[in-house]
Amino acid sequence: MIRLQATPTSPEPAEHGEGPVFDAAAQELVWVDITAGLVRRGTIAGDDVVPVAAHRGGDTVGFVAPAAAGGWLLGAGAGITRLTAEGEAQVLIVLTGEGGSESTGGTRMNDGACDRAGRFFAGTMAFDEQLGAGSLYRLDLDGTVSTVLDGLTISNGLGWSPDDRTVYLSDSGASTVWAFDYDLDTGSFGDRRVLLDFSDDPAGVADGLTVDDEGCLWTALWGGAQVRRWSPEGELLAVVEVAAQNTTSCAFVGDLLVISTSVHGMDDAARAAQPDAGKLFTVRPGVSGPPAHPYRGPLGALRQR
């Protein structure tokens with residue numbers, strides 16, 4: 001098994017950094033600060049990330065994905081928002097049954113991604129992490145929003161195998177990464193199996209994930225201060241050590257792996273002991289991965305069914 005060490009990058013720490021993705025069209029890395037409601041942008045310079053801008057996307061922003069028509073789509077608040085390159089945020093749809101606040105037992109958008117065809121998948125969770133309160137939604141290429149899965153707890157990292165026949169989904173609340181059969185023609189999830197079970201792992205639980213060009217998974221471990229690489233059969237292949245307890249997600253920019261981290265929920269002493277927590281980290285693990293797939297459907301007249 002290979003062990004590597006990630007190094008921190010230049011951008012200021014986020015409170016709850018999440019979901020880095022490389023937007024190939026814009027040649028920018030974008031990521032979110034969930035609790036601050038921000039989308040942050042940067043360019044890659046060697047192994048570093050150079051800040052470009054930050055835009056407010058909502059009260060909370062769970063994740064960001066590029067849009068083929070320009071700008072980005074956000075899983076924000078209780079639904080889907082468009083963010084233009086100039087930083088203007090427009091709510092496109094509020095999902096029925098989602099939303100509210102932490103004090104009222106509400107839910108928020110958490111993580112998601114687009115498949116190769118350009119469909120937008122968005123997951124939710126309850127602020128209080130209530131068991132079974134999360135769902136996964138799909139925004140199709142005709143603008144229709146439908147429910148793909150319900151009964152999730154913390155719908156988290158999402159990624160596809162290189163042949164598009166398998167989709168991986170992390171439910172951090174269930175301490176599980178599932179592998180589902182996937183139909184790219186319809187965007188349908190089929191039979192599922194448990195690929196990774198973290199229920200007895202003292203290092204933490206799987207958070208965000210990405211898939212490299214060799215078909216291996218990279219999972220960030222919340223509470224584990226590391227990112228792990230797994231074979232499609234679930235064999236542990238590599239560990240990347242990160243100087244931040246809460247690693248949240250990861251993405252490739254060519255052969256550079258970018259890792260997001262969080263200080264959310266940490267007390268003052270823990271924050272002081274981890275001065276780089278909340279930053280982006282990078283490492284070159286010797287493999288590459290694809291940029292994020294953009295959403296290819298319409299950005300107006302969305303409808304829920």
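Where does D207 lie? It is in strand β19, residues 205-211. Strands here are DSSP runs of E with at least two residues, numbered from the N terminus.

Ground rules, quickly. This is a predicted model: local features need pLDDT of at least 70, side-chain atom pairs count only at pLDDT 80 or more, and totals for chains, interfaces and linings use all residues. Residues are numbered from 1 along each chain as its sequence is written, and side-chain values use heavy atoms, with hydrogens and water left out.

The UniProt annotation "active site", from an unreviewed entry, covers D207. Such annotations may be inferred rather than shown by experiment, and their positions are in the numbering used here.

Is D207 buried or exposed? D207 is buried, at 6% relative accessibility. Buried means under 20% relative accessible area, exposed over 50%, partly exposed in between, with a 1.4 Å probe and protein chains only.

Who surrounds D207? Set aside neighbours within four places in sequence, and D207 is in contact with E18, N156, G157, S170, S172, A220, W222, T247 and T248. Contact means heavy atoms within 4.5 Å. With N156, the D207 side chain also makes a side-chain polar contact of 3.1 Å. That term covers a pair of N or O atoms within 3.5 Å; within protein, one must be able to donate a hydrogen and the other to accept it, and residues adjacent in sequence count only if both atoms are side-chain atoms.

Now the rings. The structure holds 11 aromatic pairs. Rings of Phe, Tyr and Trp (its six-membered ring) pair if their centres lie within 6.5 Å; planes under 30 degrees apart are stacked, over 60 edge-to-face, the rest tilted.

Take F121 and Y182. Their centres are 6.3 Å apart and their planes at 65°, so this pair is edge-to-face. F121 sits in strand β12 (120-126) and Y182 in strand β17 (176-183), so the pair ties together parts 61 residues apart in sequence. F121 is buried at 0%. Y182 is buried too, at 8%.

Next, F198 and W230. This pair is edge-to-face as well: 6.0 Å centre to centre, 90° between planes. F198 is in the loop between β18 and β19, W230 in strand β21, so the pair links parts 32 residues apart in sequence.

Last, the cluster. Ring pairs link F121, W160, W178, F180, Y182 and F189. Over the face of W178 lies R192, 4.2 Å from the ring centre. The criterion: NZ of Lys or CZ of Arg within 6 Å of the ring centre and within 35 degrees of the ring normal.

Notes:
Helices (H or I, at least four residues) and strands (E, at least two) are DSSP runs, numbered from the N terminus.
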